[in-house]
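Subject: Structure handover

Hello,

Here is the structure for you to look at. My notes on side-chain contacts follow below.

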Amino acid sequence: MPSEETKERISKVIEVGRTVLHYGWIPLIIYVGFTRSNPQPSLIKYVFPILLFLFFALTVSFRLISPLA
């Protein structure tokens, strides 16, 4: 029968593993897609439009909620 300390360690390892899997799954899939595709796409081609969209979405939402606008 495992001791309480062993049970706590196993529980902590499982918790950390779930967190790593939760936050690391999508970046792993994106990384594999970029490295295994032919031809390899440029990262800036995909990141720049997303950044522009986020900038304009935040600008519009700020104007909608700001009393100064």
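Glu4 and Lys7 join their side chains in a salt bridge, at 3.9 Å from N to O. The term means a side-chain nitrogen of Lys or Arg within 4 Å of a carboxyl oxygen of Asp or Glu. Both residues sit in helix α1 (residues 4–36), three residues apart, so about one helical turn separates them. Helices (H or I, at least four residues) are DSSP runs, numbered from the N terminus. Glu4 is exposed, at 54% relative accessibility. Lys7 is partly exposed, at 37%. The cut-offs for relative accessible area are under 20% for buried and over 50% for exposed, with partly exposed in between (1.4 Å probe, protein chains only).

This is a predicted model: local features need pLDDT of at least 70, side-chain atom pairs count only at pLDDT 80 or more, and totals for chains, interfaces and linings use all residues. Residues are numbered from 1 along each chain as its sequence is written, and side-chain values use heavy atoms, leaving out hydrogens and water.

The structure has two salt bridges. Glu5 and Arg9 form one of them, with their closest N and O atoms 2.9 Å apart. These two also lie in helix α1, four residues apart, about one turn. Glu5 is partly exposed at 48%. Arg9 is exposed at 56%.

Now the rings. There is one aromatic pair (ring centres of Phe, Tyr or Trp, its six-membered ring, within 6.5 Å). Phe55 and Phe56 make this pair, 5.3 Å centre to centre. Their planes are 70° apart, which is edge-to-face (over 60 degrees; under 30 is stacked, the rest tilted). Phe55 is exposed at 53%, and Phe56 is exposed at 51%.

Best wishes
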